[in-house]
Amino acid sequence: MALALMPLLGHTARPMARFPFSAIVGQDEMKRALLIAAIEPAIGGVMVFGDRGTGKSTAARALAALMPPMPVAEGCRYHCLPEQQGTCPDPCTSGRTRKVPVPFVDLPLGATEDRVVGALDLERALRSGEKAFEPGLLAKAHRGFLYIDEINLLEDHLVDLLLDVAASGENLVEREGLSVRHRARFVLIGSGNPEEGELRPQLLDRFGLSVEVRTPVELDDRVEIMRRCAAQEADPDGFTQDWHEEDQKVLRQIARGQKKLASLTVPEEVLRDAASLCRAVNADGMRGELTLMRASRASAALQGAKSVQRKHMLEVAPMALRHRLRRDVLDETGSTVRIERAIEELFG
Amino acid sequence: MAMDPLADALLAVRLFALAPRQLGGITLRGAGPARDLLLDAMGKAMPDRAFRRLPANIDDERLMGGIDIAASLTAGESVRQSGLLREARGGVLLVPMAERLRDDVAGKIAQAIDGDDGGFGLVLLDDGTTPDERAPDSLRERTALHVDLSTIRPLDPPSPGEDVLLPFTEVRPASRDQLETLAVTAMALGVDTMRAPLFAHNAARAHAALHGRGKVADEDLHAAARLVLAPRATRLPEAEPEAPPAQEAPSPDEAAGEQQTSGQPPEDMVLEAALAAIPPGVLAMLASGKTRRSAGGGGGRKAQSKLRGKPLGARPGMPRGGARLALVDTLRAAVPWQALRQRELSEPREGVLVRKSDLRVRRFEERSTSVTIFAVDASGSAAMARLAEAKGAVEMLLAQAYVTRSEVALIAFRGNGAEMLLPPTRSLTRARRALAGLPGGGGTPLATGLTAARQLGESVAAKGSTPFLVFLTDGSANVAADGSPGRAQAKADAHKAASAIASAGLPAVVVDIAPRPRPEARDLAAAMAARYLPLPMADARTLSAAVDAARPKGMAA
């Protein structure tokens with residue numbers, strides 16, 4: 001949404017304060033999907049469909065800004081954990097630790113493969129004839145968020161590559177005589193407008209969750225958005241303060257969810273329910289069931305539930321499955337409706 | 001309520017000058033003296049801001065900053081250049097010929113605007129003349145003010161006016177009621193994006209600042225509605241019953257004719273201000289529901305021109321077999337190794353040492369996008385039943401198309417004209433919407449339909465894509481090319497139009513959808529040198545398979 005672009009006082013060059021996550025009006029499904037992806041990296045990315053100006057990138061940015069600063073080995077361009085010092089292509093053995101903000105990388109539309117995966121460091125090559133690796137955006141996004149606006153306009157091979165890295169958590173570069181491998185674990189968030197051409201189904205399927213964002217239709221919501229934007233613009237620091245408590249709540253929820261996730265298992269009967277739901281809606285492939293299981297667990301963990309129940313599975317079913325349904329071109333019914341109908345039939 | 005367009009344009013420029021960051025930017029559409037005048041006024045109003053111009057064919061290094069290869073080679077050491085986006089920070093970035101801006105460049109500019117380190121005021125100079133030719137949507141969306149100068153002929157430049165200027169931040173945010181008014185107006189005009197009401201709010205505040213008011217007044221809201229909301233309108237208020245809260249929205253007639261009265265609720269007055277700013281032609285289009293969301297341009301075509309205009313970069317390879325050497329990329333590949341290679345030589349050599357492995361060739365779209373153009377006879381004779389089949393076939397082909405990244409367009413002809421229901425697109429969503437709105441019945445203006453398909457085919461070919469025409473008709477015509485009824489003339493015209501397709505060399509297929517195959521359709525196919533497929537009992541699936549089979553070889557679905 002425009003929130004992120006709403007300027008602050010005058011024309012100072014100082015960094016813009018990000019919009020607080022909890023101050024975002026509505027968009028509950030997207031927020032939930034982002035939180036699930038934030039605590040469960042195995043989900044493998046969130047695809048956000050929606051028109052321009054609906055707050056897609058604002059929510060993603062806000063979540064990144066919300067996360068507490070993360071400790072990294074000082075001077076490490078790969079965001080190594082302090083205990084991982086010296087394990088990346090950089091000899092990051094300073095022995096000191098620094099806290100840096102959780103990275104949020106916005107992948108530009110025309111990004112070249114060089115920029116994304118990294119390439120030969122031209123400057124060092126020129127200066128000293130040294131063969132060195134210049135890390136790309138994937139390294140920059142490690143332990144953070146990688147946001148791709150209009151992913152449907154990105155070249156297919158890049159999308160493929162990004163999904164591969166997102167799934168494996170590792171970037172492997174074999175080019176220009178370089179052979180480099182580094183960690184690249186991030187929450188992949190793609191956004192796109194179906195009006196402008198669609199993503200190929202085989203790529204779509206590889207996103208864990210997909211949500212549909214619509215512009216708020218309630219007048220009160222729209223006015224509230226305008227009010228909050230005006231308030232944030234007038235006094236960004238004060239506004240951040242006002243929402244600090246709410247943001248802290250979300251943060252605690254994330255922390256609790258992360259802790260809880262390890263101990264939660266999905267019971268047999270919920271797995272069975274998930275499988276029958278997938279069958280009922282004809283979701284292609286195994287990815288649907290796996291994601292559904294992981295997302296239910298993460299959602300239960302976020303809510304602090306003691307066990308994973310059917311209701312947790314059902315509430316994430318639309319976002320885990322809607323992009324995996326085989327399209328029947330002659331059937332106008334939207335994917336979400338088909339899933340809801342199946343839920344109604346199966347579980348009443 | 002009618003405002004002098006030039007005075008309004010000037011007002012927009014002054015608002016922008018007052019609060020470039022809060023308003024994001026301004027889109028000036030249409031070249032000419034009016035624009036020069038406005039740019040002049042803008043420069044005067046913002047004396048302390050740096051203006052940067054975006055060169056037409058800017059490369060990544062210049063845009064984002066990076067190593068200047070040419071300078072580095074000369075200097076023998078790495079020379080960095082700063083990126084234009086960074087240089088423009090805090091100032092104004094002028095984008096000439098914005099309608100030709102590549103999507104990837106537009107994306108990077110949009111990102112710089114949204115980014116963390118503050119942006120710049122963006123001025124889009126859009127020289128487009130047709131609705132398809134316009135600045136990238138991603139950037140237009142991020143400029144609050146849209147000014148169309150194409151109809152303005154400045155005679156006497158209005159004086160800029162001496163206003164009391166308050167700093168933008170001195171103006172208090174609008175009241176809840178005022179915000180509501182802007183939000184209602186935006187919704188009534190079918191403006192979905194949330195950026196628009198946010199921008200409108202800032203525009204109202206800037207307008208108040210311009211007039212030395214510390215508080216937003218009604219006229220500030222009116223100005224905001226005119227300058228920010230009206231240009232984004234996608235429909236007229238009456239089309240949206242649930243939009244206004246209590247009162248029903250005024251019908252366009254009332255809005256246009258009625259003078260504003262003090263008894264009117266403020267929403268209506270603001271809406272009226274917006275409506276008054278919409279040019280009559282656009283108003284008529286909105287009223288007829290013609291523009292839909294794709295009011296000129298739209299994703300499909302955008303994506304296509306992107307594919308054509310954007311080379312895919314370079315890749316290692318030998319420059320032979322038609323592949324062109326990418327000089328800069330080759331040098332870029334060779335440069336890093338120079339020190340090493342010099343060392344390997346027994347005696348130093350002058351110049352750049354290029355090895356075979358450094359060679360890069362240019363890569364363009366490997367296979368041009370194929371565009372399947374369906375021209376559907378939606379007349380009464382072609383029977384409503386067939387129309388459903390045709391719709392199904394189009395959707396089916398589209399579903400295949402998005403796997404192979406090809407596109408589909410849809411033309412329908414009935415009554416006395418042909419209509420492009422769907423410009424070339426890959427979007428299933430838009431296709432479905434267009435198809436759902438396809439009406440049937442009326443006469444058969446076959447010639448008009450054939451001509452419309454040919455023209456679209458030619459324009460597709462001119463853009464570098466491969467057209468393929470599919471006609472679904474029973475071949476009978478009863479409306480002539482000029483719209484007059486009469487079988488004989490209609491038939492003659494249709495054959496003339498068909499031969500034109502043949503001489504244009506467009507690959508085509510005629511699918512006879514008559515209940516029983518008839519000679520008319522066969523003759524038609526012969527005249528346009530197309531394949532003839534009689535499909536009396538075809539359903540969508542067979543139709544789609546048949547079309548697929550008839551497609552020229554080498555063209556993906």
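Predicted model: local features only at pLDDT ≥ 70, side-chain atom pairs only at ≥ 80, totals over all residues.
The secondary structure of chain B consists of 23 helices and 15 strands. Of the 557 residues in chain B, 53% are buried. Among contacts in chain B with a separation of 6 or more, 75% are between residues 24 or more positions apart.

Six strands of chain B form an open sheet with mixed pairing, in the order β12-β11-β10-β13-β14-β15. The edges are taken by β12 (417-425) and β15 (531-534) of chain B; each has a single partner strand, so one side of each is left without a neighbour in the sheet. From one strand to the next, the twist averages 15°.

Several pairings within this sheet can be given in detail. Strands β10(B) and β11(B) run parallel and are joined by seven bridges. Within this pairing, Ala375(B) has Ile411(B) of β11(B) as its bridge partner. β11(B) also pairs with β12(B), in this case antiparallel, through six bridges. Here Ile411(B) is bridged to Met420(B) in β12(B). β11(B) is mostly covered, with seven of its eight residues buried.

Elsewhere in the sheet, strand β13 (residues 466-473) of chain B pairs with strand β14 (residues 508-512) of chain B in the parallel sense, over five bridges. Phe471(B) has Val510(B) in β14(B) as its bridge partner.

In another part of chain B, Gln178(B) belongs to helix α9 (residues 176-188). Gln178(B) has a relative accessible area of 14% and is therefore buried, as this value falls under 20%. Its side chain reaches the backbone oxygen of Val216(B) at 2.7 Å. Beyond residues up to four places away in sequence, Gln178(B) touches Val216(B), Ala217(B) and Leu221(B).

The largest nonpolar core comprises 139 residues. The residues with the most contacts inside this core are Leu63(A), Leu277(A) and Leu292(A), together with Ile26(B) and Leu145(B). With neighbours within four places in sequence left aside, Leu63(A) is in contact with Phe21(A), Leu34(A), Leu35(A), Ala38(A), Phe145(A) and Ile254(A). A second core, separate and made up of 41 residues, includes Leu154(A), Ala166(A), Ala184(A) and Leu203(A).

A search of the whole structure gives zero disulfides over all chains. Two cysteines of chain A illustrate this result. For Cys76(A), the closest cysteine sulfur is that of Cys80(A), at 3.6 Å. Because a disulfide requires sulfur atoms within 2.5 Å, this distance is too far for a bond. For Cys80(A), the closest cysteine sulfur is in Cys88(A), at 3.6 Å, which is likewise too far for a bond. Both of these cysteines are buried: the relative accessible area is 9% for Cys76(A), and the relative accessibility of Cys80(A) is 1%.

Definitions and conventions. Residues numbered from 1 in each chain as written. Chains lettered and ligands numbered in written order. Heavy atoms only, no water. Helix = DSSP H or I, 4+ residues; strand = E, 2+ residues; numbered from the N terminus. Buried < 20%, exposed > 50% of the residue type's maximum accessible area, 1.4 Å probe, protein only. Polar contact = N/O pair within 3.5 Å; in protein donor to acceptor, adjacent residues only side chain to side chain. Contact = heavy atoms within 4.5 Å. Core = buried A, V, L, I, M, F, W, Y, C linked by side-chain atoms within 4.5 Å. Pairing = 2+ DSSP bridges. Axes fitted to C-alpha atoms, helices over the stretch in contact; angles between N-to-C directions.
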